[in-house]
Amino acid sequence: MASTEAAGQDAAERDAAAPDAAVPGIPAPGTAGPDAAAPDAPAPHTTAPNATVPNTTGPNPTGSNPTEPDSAGDIAGLEAGLDALDSAPPPRTPLRRLLLHKALPPITAVALILAVWKLLVLARITDDYKLPDPTAVWHSLRQLWLNGTLFDIIWTSVSRGLLGFLAALAIGTPLGLLVARVPVIRAALGPILSGLQSLPSVAWVPAAVIWLGITDSAMYAVILLGAVPSIANGLVSGIDQVPPLYLRAGHTLGATGLRGTRHILLPAALPGYLAGLKQGWAFSWRSLMAAELIASSPDLGLGLGQYLENARTDSDMPGVLLGIILILLIGIAIDLLIFTPLERRVLRTRGLAS
Amino acid sequence: MPPTTTTDRHERTAVASGLPAAVRIEHIHKSFGSAGSGPARPVLEDINLRIRPGEFVCLLGASGCGKSTLLGLVAGLDRPTSGRIELGGTRPALMFQEHALFPWLSAGKNIELALRLRGVPRPDRRPEAERLLELVRLGGAYRKRVHELSGGMRQRVALARALAQDSQLLLMDEPFAALDAITRDVLHEELTRVWSRTSLSVLFVTHNVREAVRLGQRVVLLSSRPGRVAREWTVDIPQPRRIEDPAVADLSVEITEELRREIRRHGKH
Ligand SMILES: Nc1ncnc2c1ncn2[C@@H]1O[C@H](COP(=O)(O)OP(=O)(O)O)[C@@H](O)[C@H]1O
Ligand SMILES: [Mg+2]
């Protein structure tokens, strides 16, 4: 406190000495703009070049007391000094350092895992059909690529996953809003929704298969049952964490009812909602893979889960490992490409992440 | 006295009788906690207060005496237990101790949201927001995010957003209490300047006696438990005042004495 004031006073002295010194980003005294002056009330002290404030004869009685032009310029300068001293400079990390700190460690870790794998194979700790050489997995991948089926397999699963996720979004969002805002619905559904979150969605696969057969609909049903509770719960906790001050402020600005929901409540709840979406995607992907593995049938398009199941029945260990790796990589890629940037952007604009 | 019915405070009620007023607070009572959770605790008791159009009134009282509660009632955020509040104009603007700016919007967009909610058509919003930012000397801050602004700048943006409501009455709830002394001084200047240029009426809540005397044309002292209007002073010191002015200091000493007497009363029983 004491040091802030001392620094402020220094700035005040500097500004008093050079009242026209422009501070970056802050208009210099005397440039307050034409609309700062009341058009019908000419300033009585037009001789003072530094006066930002024309001394208008306002409707308030005390307003007619002219402010000394010197003191007005002084205040503007003081204010500019305070603003400059007290604002945080925008933090910037150079791209190279970012790559070095963010990308290098995981790449090193993956390289190490591959090295250990290779060493274990070379040490012949187990049979070849249980632990194939990393190059065998690479060959399986090349095979799929050369067949032209690699992207078909990936796309079948990813399109199912994303479509299911979008449906979960469309259901989970209004559901979350209702649970958060309507006490009766909250009392009725709140505990069920949180309970469902801890139920592994694989458990739904047998039921879905009996109800819907081995069909795409069964897959989507399992995705929905896995993702909707996460998305709804994310929105509920996002709304619960909205500071009441924002709602009061919105209320005084006239944002009540639906306008309040749209302009205040939902934007304020966005960080929690995004966390829910991220988790919802992870659940969608997991449930889908479980469904594809268990309810695999030649009638359905070949997805990653079926590919994995087929490799198992063929005792094709490189194929099994390849399936696992692909499922992992796609899950991570979608998260990194869609959800992480979204979340970072939202948090950064609010000053919640560096 | 018989409790009068509460009117809808957001209606454009022409001030019924007597002198014109920006707000007329009549026989306001407010209690908390009557619904099941223990006995009703009266917080405000028979508050009567009239603010003339264009007047600057400071409401002074110890912490917890019910100042924020009263402002909340005037702002329509809560309902009084009994009594009536008549507004001379539209919904009042309210400024809080914490800036209450929305962090998902830039400084300029915060103001534009207020304009939008007031019904200002889209093409007029940007120029009006820029004008209001210039008014609080933040011409360059349109694109700034809330977290990039200092405490003083945030409160100036909050003031600009409150002005964007174009209300006749501005309610301020200890808006400068969290700022350091020199920034607060600057904001006092800023507020007096903005007020003197408009026809705004201000009800400014504070627990700081000097601040009340520095700003107000009238200082109203609220007692505690229950909150009642204990005394009132008219401040005849001409603006621009400074917080160090001997006249401000003298009146502050007198009011502080009264405030202390008022607080001491509670230690006796
Ligand atoms: N919503 C509420 N429920 C119960 N008690 C409240 C509520 N709001 C305020 N109070 C009580 O009313 C009294 C006055 O509070 P407040 O108006 O915030 O005081 P001030 O702003 O003067 O510091 C305090 O004792 C506080 O505990
Ligand atoms: Mg308070």
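Student: In which strand of chain B is the place of B:Leu170?

Tutor: This is a predicted model, in which local features need pLDDT of at least 70, side-chain atom pairs count only at pLDDT 80 or more, and totals for chains, interfaces and linings use all residues. Residues are numbered from 1 along each chain as its sequence is written, chains are lettered from A and ligands numbered from 1 in the order in which they are written, and side-chain values use heavy atoms, with hydrogens and water left out. Helices (H or I, at least four residues) and strands (E, at least two) are DSSP runs, numbered from the N terminus. On that basis B:Leu170 has its place, within residues 169–173 of chain B, in strand 6.

Student: Is B:Leu170 buried or exposed?

Tutor: Buried means under 20% relative accessible area, exposed over 50%, and partly exposed in between, with a 1.4 Å probe and protein chains only. Since the relative accessible area of B:Leu170 is 1%, this residue is buried.

Student: How many Å apart in space are B:Leu170 and B:Phe204, C-alpha to C-alpha?

Tutor: In sequence, B:Leu170 and B:Phe204 are 34 residues apart. Contact means heavy atoms within 4.5 Å, and B:Leu170 touches, among others beyond four places in sequence, B:Leu200 and B:Leu203. From C-alpha to C-alpha, the separation of B:Leu170 and B:Phe204 in space is 8.1 Å.

Student: Why does A:Ser230 count as buried?

Tutor: The place of A:Ser230 is in helix 9 (residues 216–240) of chain A. Beyond four places in sequence, A:Ser230 touches A:Gln197, A:Gly276, A:Gln279, A:Gly280 and A:Phe283. A:Ser230 counts as buried because its relative accessibility is 1%.

Student: What is the relative accessibility of A:Leu98, which counts as partly exposed?

Tutor: The place of A:Leu98 is in helix 3 (residues 95–102) of chain A. A:Leu98 counts as partly exposed because its relative accessibility is 34%.

Student: How far apart in space are A:Gly81 and A:Ser296, C-alpha to C-alpha?

Tutor: A:Gly81 lies in helix 2 (residues 69–86) of chain A, and counts as buried at 6% relative accessibility. A:Gly81 and A:Ser296 are 215 residues apart in sequence, and their C-alpha separation in space is 69 Å.
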